[in-house]
Amino acid sequence: MEFLPKILAYVCTYCTYTAADMAGSARMQYPAGVRVIKYLCTSRIDILHILKGFEAGADAILVGG
């Protein structure tokens, strides 16, 4: 059985999310195990958000800003 990690991607609305949206417009794909959570600004992410993500079962967390 192949391991498919569960990845939470906390992304900034104006930086990373815009780039991901453009990639989607170009029909680029990313793995099904990635869940994107949009923040107004990633500087607002608290360590508790990251810990809650791991608590909810994420194998990895990406913070992109």
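**View 1. Lys-6 in the segment before strand S1.** Lys-6 belongs to the segment that precedes S1, in a predicted model. Strands (E, at least two residues) and helices (H or I, at least four residues) are DSSP runs, numbered from the N terminus. Because its relative accessibility is 53%, Lys-6 counts as exposed; the term exposed stands for over 50% relative accessible area, buried for under 20%, and partly exposed for values in between (1.4 Å probe, protein chains only). Lys-6 is in contact (heavy atoms within 4.5 Å) with Gly-33, Gly-57, Ala-58, Asp-59 and Ala-60, leaving aside its neighbours within four places in sequence. Between Lys-6 and Ala-32 there are 8.6 Å in space, C-alpha to C-alpha, and the two are 26 residues apart in sequence. Residue numbers start from 1 along each chain as its sequence is written, and side-chain values use heavy atoms, with hydrogens and water left out. As this is a predicted model, local features need pLDDT of at least 70 and side-chain atom pairs count only at pLDDT 80 or more, while totals for chains, interfaces and linings use all residues.

**View 2. Strand S1 and its two partners.** Is strand S1 mostly covered or mostly uncovered? S1 (residues 7-12) is mostly covered, with 5 of its 6 residues buried. S1 pairs in the parallel sense with strand S2 (residues 34-39) over 6 bridges; two strands pair if DSSP finds at least two bridges between them. Strand S3 (residues 60-64) also runs parallel to S1, joined by 5 bridges. Tyr-10 has Ile-37 as its bridge partner in S2 and stands opposite Val-63 in S3. Cys-12 stands opposite Tyr-39 in S2, and Val-11 opposite Gly-64 in S3.

View 3. The 3 strands form an open sheet with parallel pairing, in the order S2-S1-S3. S2 and S3 are the edge strands, each pairing on one side only. On average, neighbouring strands of this sheet are turned by 20 degrees against each other, direction ignored. Helix H1 packs on the sheet and touches S1, S2 and S3, its direction making about 110 degrees with that of S1. Helix H2 likewise packs on the sheet, touching S1, S2 and S3, and its direction makes about 150 degrees with that of S3. Axes here are lines fitted to C-alpha atoms, for helices over the stretch in contact, and angles run from 0 to 180 degrees between N-to-C directions.

**View 4. The β-α-β unit.** S1, helix H1 (residues 16-25) and S2 make a right-handed β-α-β unit. A crossover is right-handed if the path from the first strand over the helix to the second runs clockwise, with the strands pointing away from the viewer.

View 5. How many salt bridges does the structure hold? It holds 1 salt bridge, defined as a side-chain nitrogen of Lys or Arg within 4 Å of a carboxyl oxygen of Asp or Glu. Lys-52 forms a salt bridge with Glu-55, and the closest N and O atoms are 3.9 Å apart. Both residues lie in H2 (residues 47-55), 3 residues apart, about one turn of the helix. Lys-52 and Glu-55 are both exposed.
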